[in-house]
There are 2 protein chains.
Amino acid sequence: MPGEDEVDRRVTLATVAREAGVSLPTVSKVLNGRSDVSPATRAKIERLLDSHGYCRRTPGAPQSPLIEIVFHELESVWAMELIRGVENVAKRTNATVALTESGTRQAPGPEWIAGVLRRRPLGVLLVFSTVPEDVKRQLRSRAIPFVIVDPAGDPDPDVPSVGSANWAGGLAATRHLTDQGHRRVAIITGPPDLMCSLARLDGYRSALTMAGLDVDPELVRFGDFHVQGGYDHALELLRRPDRPTAVFAGSDLQALGVLEAARVLGLSVPGQLSVVGYDDVSLAQWSSPPLTTVQQPLQRMAEEAARMLLRPPDPRKAAQRIELATHLVIRQSTAPPADG
Amino acid sequence: MPGEDEVDRRVTLATVAREAGVSLPTVSKVLNGRSDVSPATRAKIERLLDSHGYCRRTPGAPQSPLIEIVFHELESVWAMELIRGVENVAKRTNATVALTESGTRQAPGPEWIAGVLRRRPLGVLLVFSTVPEDVKRQLRSRAIPFVIVDPAGDPDPDVPSVGSANWAGGLAATRHLTDQGHRRVAIITGPPDLMCSLARLDGYRSALTMAGLDVDPELVRFGDFHVQGGYDHALELLRRPDRPTAVFAGSDLQALGVLEAARVLGLSVPGQLSVVGYDDVSLAQWSSPPLTTVQQPLQRMAEEAARMLLRPPDPRKAAQRIELATHLVIRQSTAPPADG
């Protein structure tokens, strides 16, 4: 005998089919991510499922549920930290982590949505800044919760998201350098189209202003978050006659590029140049010298996002945005300037 | 109307139930990984399923199949490279990568098997040296293929596995140093309980012998594959009055530890000390100076293993072992010795 949930579910699906003017099997096809339904019919059914509050937790749901995490690129040094965070939560709830690489830096690719509708995960963590409207609609109509994990700092306002305090991180990194007496401090922040790059740069500017220093536009650079970008900008900065005595590198990979530029030019770190990174991915503690850096709690961000997925949603509340604190980790790549 | 496969499958299950002296639902419970079946009955049913060649590809199989990869620890710098290899193959076959962290360095934990039997992946990549007998039996009886990805080099002989050429890698690393004129070459290999550590050490010994050099037992160390181990051994080695002019570090992380020890002691690399790593994980190219290292093709190893999973098995053939070649990548951490 079907349980009460099952009866409820059938009533809802029958209602949706009637209101959409289609058969029950057509509604099923949409629910199962099948492609043989016209886009217009699909969209109509999805809207109706959504408005009737159709609930995914049916008796046919898998016994070993998935939590899905979607990346633009697994290459990123962030990826492993985030995966570990999700795995920590999945393990505690007997779920399995499913992993997909898809799309561009901004949003997952269109091929991904069909797969996720078939897999029916407990929820989806998207490591992207934005989610296209049709993807949101499709996920919502199947009651598949989703949360954006957003180290880039530019979240969709109507989607729950977890980020970290980029402005405060930029401020802390730069204050550490001015507190040590540095007066010529360069910044190589991230790409100019990412909010996190701008927030870190503004933190840098405020720290200089607080220390009574002017911002020299010649010392402000936009990198690409990769080693090579850090290296190239650092070579230029360090070859100037009025070279900076400290560089805030905006990512640990860029900081590694700065260390290599210093080595090539024969400048010792931290004797002749101080370097601060950003992220505190594991390689930051393994560099030579170990990096002073701003810890972005990537693993905790992914844990928090996974917990948000598993919590029952409260329809009366607006989409939640959580920002976790960043903090400075002082290692051996920073010291007072030689002439300080 | 059930298809031909479905009919076949029912006949097999009915036969298994009859021969095991149990009901059909009991056979189903075993297939679905349920725990309410006695161990003896479970084992009997599994043996019968295996001998009747029960095939997992039933009409109820998921439409978006999983390829599962199981690690002892996601911490490892290897993990991401292996995940990327599986994801490359999964993407091409429309499968999704499921990820689990379980067990010890030797074998997956007992809690993992119940989950995987419910998930019914297309196949399982195990990043372990051995697989317990009961795990093998349970996977085989459900026709879930499995392959060991084995960077540690000590595979189970009756399980298909993919490894790489450790002895040849140790030889190539050491020959590169002796060819440059180094006569005092130390090795910090991996833990003594891993075959890969011993194979790399033997490659080192042979290269020294080929160069007409004796092996100085004082210069042979066993590390832990981590940065700290490399650092501690290198400090000791480099403080000796007859310090080596080159160190073969046995892993990239250990090599980073050697670089840091050299920095602390004021020795320039490669001017006063040459360093060779092993693995060629991405951080090897980002160190200062970039590391000369032996490339272990981790991503290709995982791709090869995933392809083995998806290939139909040939029951007449013995378990397959594939070893991919390693090769030396020369960067900037090695040079002829100063007095050479």
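Pro289(A) sits in the loop between β9 (274–279) and β10 (292–295) of chain A. Helices and strands here are DSSP runs numbered from the N terminus: H or I of at least four residues for helices, E of at least two for strands. The model is predicted: local features need pLDDT of at least 70, side-chain atom pairs count only at pLDDT 80 or more, and totals for chains, interfaces and linings use all residues. Residues are numbered from 1 along each chain as its sequence is written, while chains are lettered from A and ligands numbered from 1 in the order in which they are written.

The bond from Ser288(A) to Pro289(A) is a cis peptide bond, with omega about -5 degrees. Asp280(A) is found in the loop between β9 and β10 of chain A. Its phi is near 60 degrees, a positive value in a residue other than glycine. Most residues other than glycine have a negative phi, and most peptide bonds are trans. Asp280(A) counts as buried because it has 23 C-beta neighbours inside 10 Å. The cut-offs are these: a residue is buried with 20 or more other C-beta atoms within 10 Å of its own, exposed with 12 or fewer, and partly exposed in between, with C-beta atoms placed from the backbone.

## The loop in chain B

Pro289(B) lies in the loop between β9 (274–279) and β10 (292–295) of chain B. The peptide bond from Ser288(B) to Pro289(B) is cis, and omega is near -5 degrees.

Asp280(B) is placed in the loop between β9 and β10 of chain B. Phi of Asp280(B) is near 60 degrees, a positive value in a residue other than glycine. Asp280(B) is buried, with 23 other C-beta atoms within 10 Å.

## Helix packing in chain A

Helices α4(A) and α11 (residues 298–310) of chain A pack at an angle of about 40 degrees, with their axes 7 Å apart. That angle makes α4(A) oblique to α11(A). Axes are lines fitted to C-alpha atoms, for helices over the stretch in contact, and angles run from 0 to 180 degrees between N-to-C directions. Angles under 35 degrees count as roughly parallel, over 145 as roughly antiparallel, 65 to 115 as roughly perpendicular, and the rest as oblique. The crossing of α4(A) and α11(A) is right-handed. A crossing is right-handed if the near helix is turned clockwise from the far one by less than a right angle, and left-handed if anticlockwise.

The contact includes Trp78(A), Leu82(A) and Val86(A) of α4(A), and Leu298(A), Met301(A) and Ala302(A) of α11(A). Two residues are in contact if their C-beta atoms, placed from the backbone, lie within 7 Å. The residues of this contact divide into 8 nonpolar, 3 polar and 5 charged. Here Ala, Val, Leu, Ile, Met, Phe, Trp, Tyr, Cys and Pro are nonpolar, Asp, Glu, Lys and Arg are charged, and the others, Gly among them, are polar.

## Helix packing in chain B

In chain B, the axes of helix α9 (residues 227–239) and helix α10 (residues 252–264) come within 7 Å and cross at roughly 45 degrees. That makes α9(B) oblique to α10(B). The crossing of α9(B) and α10(B) is right-handed.

Among the residues that meet are Tyr231(B), Leu235(B) and Leu238(B) in α9(B), and Leu253(B), Val258(B) and Glu260(B) in α10(B). The residues of this contact divide into 11 nonpolar, 5 polar and 1 charged.

## Where the chains touch

The contact takes 28 residues from chain A and 28 residues from chain B. On the chain A side, α4 (77–92), β2 (96–101), α5 (110–119) and α10 (252–264) each give two or more residues. β2(A) gives the most, with 6 residues. By class, the side of chain A that touches chain B has 15 nonpolar, 6 polar and 7 charged residues.

## Other helices of chain A

Helix α7 (residues 166–179) of chain A has 14 residues and should span 20 Å at 1.5 Å a residue; its end C-alpha atoms are 20 Å apart, which agrees. The expected span is 1.5 Å times one less than the number of residues. Buried residues of α7(A) include Trp167(A), Leu171(A) and His176(A). Just after α7(A), Gly181(A) takes a positive phi of about 105 degrees.

Pro25(A) is found in helix α2 (residues 24–31) of chain A. Pro25(A) is exposed, with 9 other C-beta atoms within 10 Å. Thr15(A) is in helix α1 (residues 4–20) of chain A. Thr15(A) counts as partly exposed, with 15 C-beta neighbours inside 10 Å.
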